[in-house]
Amino acid sequence: MGFFTDTSVCIGCKACEVACKEWNAVPEDGLEFTGMSYDNSQGLGADTWRHVAFIEQRKSIGNAEAGERGDLRWLMASDVCKHCTHAACLDVCPTGALFRTEFGTVVVQEDVCNGCGYCVPACPYGVIDQRKEDGRVWKCTLCYDRIGDGMEPACAKACPTDSIQFGPLDELRERAAARVEELHGIGVEDARLYGEDPADGVGGDGAFFLLLDEPEVYGLPPDPVVTTRDLPSMWRHAGVAAAALLGGVAAVFAVHGRKGARR
């Protein structure tokens, strides 16, 4: 199960942010305007599990002709934890606080988290964050408690335009591909999917997006890769080096032992 977020119909109402906070009892996060846009939550963090970005552009939309001063458009997108198929946060967690649910999502058990913070730099999207009060990490659970009872996540339930859609990933990918084709047909050539490909660097995201510009415009990495990809080979090389070192030490002691015996 997962999310498909169609940013082409997002109106920036932030109902998803409010619903997420209310259902999950997420603390207030400052409500400080950045001075760069109408965004007042700035980004994902321990106290912001859903974040609606506002991006202002001077650009015509679809087949529309630009006016004398150029057309203004807003790119609005509700960002969230990607619930990666190959999740580096799971690989580095020493306590099992992070686990894969029966729905394929990734959840933090706050009562098991020891605040080590290993998962924070491991996330290729910079989603996971530690709460200053106790050091434990927090992020979107994809409303694990709600979907376990057959309900849709709070953010998707509250979205008035169905920008956030919840369901089986295979169905969502088919729906998303059809939506991209529809947008291309009306002249929105920049429409593309992000995170839907199971062959990408994280094995596909459980929360993927339809974007209207390059991922970097939305603050997303263009080609995310699971950060623990090289760990097995690193451990193998470390093991070989350790074995070689121990072999050298053993050889030195053996030589000194033979010399001592001859004396």
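Helices (H or I, at least four residues) and strands (E, at least two) are DSSP runs numbered from the N terminus. This is a predicted model, in which local features need pLDDT of at least 70 and side-chain atom pairs count only at pLDDT 80 or more, while totals for chains, interfaces and linings use all residues. Residues are numbered from 1 along each chain as its sequence is written, and side-chain values use heavy atoms, with hydrogens and water left out.

**Whole chain**

- The protein chain has seven helices and ten strands.
- Of its 263 residues, 41% count as buried.
- The protein chain exposes about 14,100 Å², and carbon and sulfur atoms supply 54% of that area; accessible areas come from the Shrake-Rupley method with a 1.4 Å probe, and for residues only the protein chains shown count as cover.
- Among contacts (heavy atoms within 4.5 Å) between residues at least 6 apart in sequence, 60% join residues at least 24 apart.

**Nonpolar core**

- A nonpolar core is a set of buried Ala, Val, Leu, Ile, Met, Phe, Trp, Tyr and Cys residues joined through side-chain atoms within 4.5 Å.
- The largest such core holds 56 residues, of which F3, C89, Y125, I164, L210, L212 and Y218 touch the most other members.
- Leaving aside residues up to four places away in sequence, I164 touches F3, F4, T5, C16, R50, S78, C155, A156 and C159.

- Strand 10 is largely enclosed by the rest of the structure, because five of its five residues are buried.
- In a regular strand the side chains alternate between the two faces of the sheet.
- Strand 1 pairs with strand 10 in the parallel sense over four bridges; pairing requires that DSSP finds at least two bridges between two strands.
- Strand 9 pairs with strand 10 in the antiparallel sense over three bridges.
- L210 in strand 10 has D6 opposite it, and L193 also stands opposite L210.

- Strand 1 and strand 8 run antiparallel and are joined by four bridges.
- G167 in strand 8 is the bridge partner of G2.
- I164 and F166 point one way from strand 8, Q165 and G167 point the other way, and all are buried.
- Strand 2 and strand 3 run antiparallel, with eight bridges joining them; I55 stands opposite L75 in strand 3.
- Six of the eight residues of strand 3 are buried, leaving this strand mostly covered.

**Helix 6**

- Helix 6 (residues 169-185) has 17 residues that should span 24 Å at 1.5 Å a residue, which agrees with the 24 Å between its end C-alpha atoms; the expected span is 1.5 Å times one less than the number of residues.
- The buried residues of helix 6 are L169, L172, R173, A176, R179, V180 and L183.
- These residues cover an arc of only 125° around the axis, which puts them on the same side of helix 6; the arc is that of the directions from the helix axis to the C-beta atoms.
- An α-helix has 3.6 residues a turn, so residues three or four places apart point the same way.
- Exposed residues D170, E174, E181 and G185 lie on the face of helix 6 turned away from its buried side.
- Cover for the buried residues of helix 6 includes strand 1 (2-6), strand 8 (164-167), strand 9 (192-194) and strand 10 (207-211).

- Most residues other than glycine have a negative phi, and most peptide bonds are trans.
- A25 is not a glycine, yet has a positive phi of about 55°; A25 lies in the loop between helix 1 (15-24) and strand 2 (51-58).
- A25 counts as exposed, at 62% relative accessibility.
- H83, also a residue other than glycine, has a positive phi near 50° and is found in the loop between strand 3 (72-79) and helix 2 (88-92).
- H83 counts as buried, at 3% relative accessibility.

**V108**

- V108, in strand 5 (residues 106-108), is buried with a relative accessible area of 10%.
- V108 and A97 are eleven residues apart in sequence, and their C-alpha atoms are 5.5 Å apart.
- Not counting residues up to four places away in sequence, V108 touches A97, L98, V137 and K139.

Notes:
Buried means under 20% relative accessible area, exposed over 50%, partly exposed in between (1.4 Å probe, protein chains only).
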